[in-house]
Amino acid sequence: MGDNHERDVLVPVGRSETLRRTVTYAVERAHEAAVEAGGSATVHFVYPARWRSFETERANVDAAESLLERTLLWGEEDIDELLGEDTPATVAFESTVVGTNEYVFSPSDFADVIGRYADANGVGRIVVDPSFRPGGSAPLLRSFETELADRGFDVLEAPVTRETRRSLPLTDIGLAEFSVVFASSLLFYFALGGWHVTDPYELVTGVATAGVVTLTLAGVAMKNGVPAVREVGYTLLRFGAYVPILLWEIAKANVALAYVVLHPRLPIDPRVVEFDAAVWGDMPVTTLANSITLTPGTLTIDVSRQQFVVHALIPDAEDDLMEGTLERLVRFVFYGRESSRIPSPLERRDDDGGEA
């Protein structure tokens, strides 16, 4: 790491009410370091993406680019105020988006993509916006700041005052997030109980159960905020189209398995199949894992991020997995039609020289 890089500062960028003041703090720190060393410094504004590169929905991409452009303008304004006119700049600025081809879920995942960029550019100091919490916050999760510090970075939390957030007492759960998770949990409870909503016992236990679930899981389930109604609607419509196709796949697998079981020589050839699925996010990965298990002849043994370990009872079941029919359908449900362009697991393996 060169001397100049030791003065550089990285700022993870995300929409928040304190981002503007965080930029000012980062510019001041970089300027001080540059003046002390008699040189210059660079402030890197890095936006960790939550979308994938194949998605054609431009709204997220445009929003990220717009936010990065604003941070650059803010940084130039701040350094102009510090130096005055006709003074050589001590601080330069760069901006980029990272993580577009990865599954980023937890604060640890976001720290990984930010850390890799910092390492690649020799940046050792990171200024964190206290209102920006990529990957959410929950009692069981280590914070984004802690994850970065554990990777050896000098982490500074910008000393900014956060606006009062409407949240439940003693929690970080916003009112909107609480309402969505609580209502969903309560409706699910009533559905399991046969919709006896007029029964006082069912009502009290349902409210208590939904409350516990909400307080425990809302921070994780709504880590990215309440999703847009339009996006949820499209996903539900595509999921509605997916269900009959999944039932058809299950029926076909039943017939194939029945043939093997009833065959006099019982041609069972069990094997364990490992492959990296091209799905990202908790819901898509969970949906694919459960769809594979629901299909007779295959059982999802383990999933780690995108790596699936599946037990296949017959060779045809393995062939179906590698052809990627279910994987492609799950991508269609959660990412839309454009995601079908991604090659199947078999094609990806061939492109990688035969490695699974």
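I take buried to mean under 20% relative accessible area, exposed over 50%, and partly exposed in between, with a 1.4 Å probe and protein chains only. I note that this is a predicted model, in which local features need pLDDT of at least 70 and side-chain atom pairs count only at pLDDT 80 or more, while totals for chains, interfaces and linings use all residues. Residues are numbered from 1 along each chain as its sequence is written, and side-chain values use heavy atoms, with hydrogens and water left out.

Entry one, Arg-305. I found Arg-305 in the loop between strand E7 (298-304) and strand E8 (307-312), where strands are DSSP runs of at least two residues and helices (H or I) runs of at least four, numbered from the N terminus. Arg-305 counts as partly exposed because its relative accessibility is 43%. In this hairpin, with two residues between the strands, Arg-305 takes a positive phi near 55°. I also looked up Phe-105, which lies 200 residues from Arg-305 in sequence and 9.1 Å from it in space, C-alpha to C-alpha.

E7 and E8 run antiparallel and are joined by six bridges (two strands pair if DSSP finds at least two bridges between them), and I noted His-311 of E8 as the bridge partner of Leu-299. Strand E6 (residues 271-276) also runs antiparallel to E8, with six bridges, and Arg-271 has Ala-312 in E8 as its bridge partner.
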